[in-house]
Structure formats: structure tokens, C-alpha cells
Amino acid sequence: MTSPPTDTPPDPKQLWADWTRGVVDRRSAFRTPAVATVDADGSPRLRTVVLRGADLATRTLTFHTDLRSPKVKSLRQRPQVAWLFYDARRKVQLRVQAFAALWTDGPHAEAGWSRCSDFGKRTYAVEPGPGSPAAHPTSGLPKRLERGELDSTQRDSVRSNFVVVRTQVTAIDWLWLH
């Protein structure tokens, strides 16, 4: 928002403009929201993601994940998600309800993959996959990739782990925590 918030919610177009800025501005408060999913047993799971897309015309918010991540299984069983955005400076909290669609191929997946840096693509090479128990903290990257970039063969092999999660927004709850 360009002006300080008041007790009146902003125009929805302004919210989407803030999200769009969060996609490209690493300093935006809306760059790294939390996303919640529900496991098959009904347990909620919450994690921080990087906002990768915001489109008012389609009412979609997008993030990327690894196909091997437990959240993919959860989303396949229950596509409902909740987003939580918080801007501490403006004291604005946004809770968003949405339904997720997973894209492992097709135009959304290809566009997302092509926008990833080689450094970012390395995250899809971690072994074992995300959410796997580990005896000690580790990057998860194979030794050959800890310092180096992916070569074309490696990029092709890790591409199969990449998923675009596009969520269709169904409700937005705006709160000014002043």
C-alpha cells in the first residue's frame, strides 16, 4: 500500500498489487508468506514459501515446491490451503483461503522452471527429498553440487522434482493489527 493503513480495508486491487510486488521484490513483507495444508489425518501443516506469482485476473497465488515434499501428497488428497501474509511495518495481516492445483508439466510448470535461477534449481536435487528425517543438519545437496552449478544433464534430471502450485483464491480476510 502506498499510504498508511486505516481501519478501512484497502481496495482489493491494491492487495493484489502488494502481492505482485512481493513476487519480484525480495524486501517485500509479502515475499515469504506461510502456507497451510491439511494432512490425510486432518493435521494442519504450516510452512514458509516464496511467493512466485500473483494474478488478479485469475485470482491465483503461486509458489513452487518439490514433488517429493509431504505437502504435495497432502495437496493431492485435500487441495484446500490457507495463506498467511504479515507486514509488520504496516501491521497488516492477510489470511487467504484457496484451492490448489499442481502443475508438473504444461505451460505453468515450464514458465516457472524457466524463471528459476540455476542456483534455485539446485534445491530440487536434494537427497533425500524434503521432509525426510536427518541425523544432523545438512544442505541435502549431493557433494558434487554443494559449490557448483547444475550442468544440463543434472538440470534435466532434477526438473522432474519441480512442481508449480497455483492456488485459486476464494476468500481474503484483512486485519489491521493497530
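Mentor: In this predicted model, let us begin with a side-chain pair: T37 and R47 are joined by a polar contact between their side chains, at 3.1 Å. T37 belongs to strand β1, which spans residues 34-38. Its relative accessible area is 2%, and because buried means under 20%, T37 counts as buried. Beyond the neighbours within four places in sequence, the residues in contact with T37 are S43, P44, R45, R47, S74, L75, Q80 and V81.

The backbone deserves attention next. Most residues other than glycine have a negative phi, and most peptide bonds are trans. R59, although not a glycine, has a positive phi of about 55°. R59 sits in the loop between β3 (53-55) and β4 (60-66) and is partly exposed, with 43% relative accessibility. K91 likewise is not a glycine and has a positive phi, of about 60°. The loop that holds K91 runs between β5 (80-87) and β6 (92-103), and K91 is partly exposed at 34% relative accessibility. A cis peptide bond leads from E127 to P128, with omega near -10°; P128 is in the loop between α4 (118-121) and α5 (152-159).

Finally, helix α3 covers residues 107-115, and its buried residues are A109, G112 and W113. Viewed down the axis of α3, these buried residues fall within an arc of 95°, so they line one face of the helix. P107, S114 and R115 are exposed on the other side of α3.

Methods. Residues numbered from 1 in each chain as written. Predicted model: local features only at pLDDT ≥ 70, side-chain atom pairs only at ≥ 80, totals over all residues. Heavy atoms only, no water. Buried < 20%, exposed > 50% of the residue type's maximum accessible area, 1.4 Å probe, protein only. Helix = DSSP H or I, 4+ residues; strand = E, 2+ residues; numbered from the N terminus. Arc of directions from axis to C-beta. Polar contact = N/O pair within 3.5 Å; in protein donor to acceptor, adjacent residues only side chain to side chain. Contact = heavy atoms within 4.5 Å.
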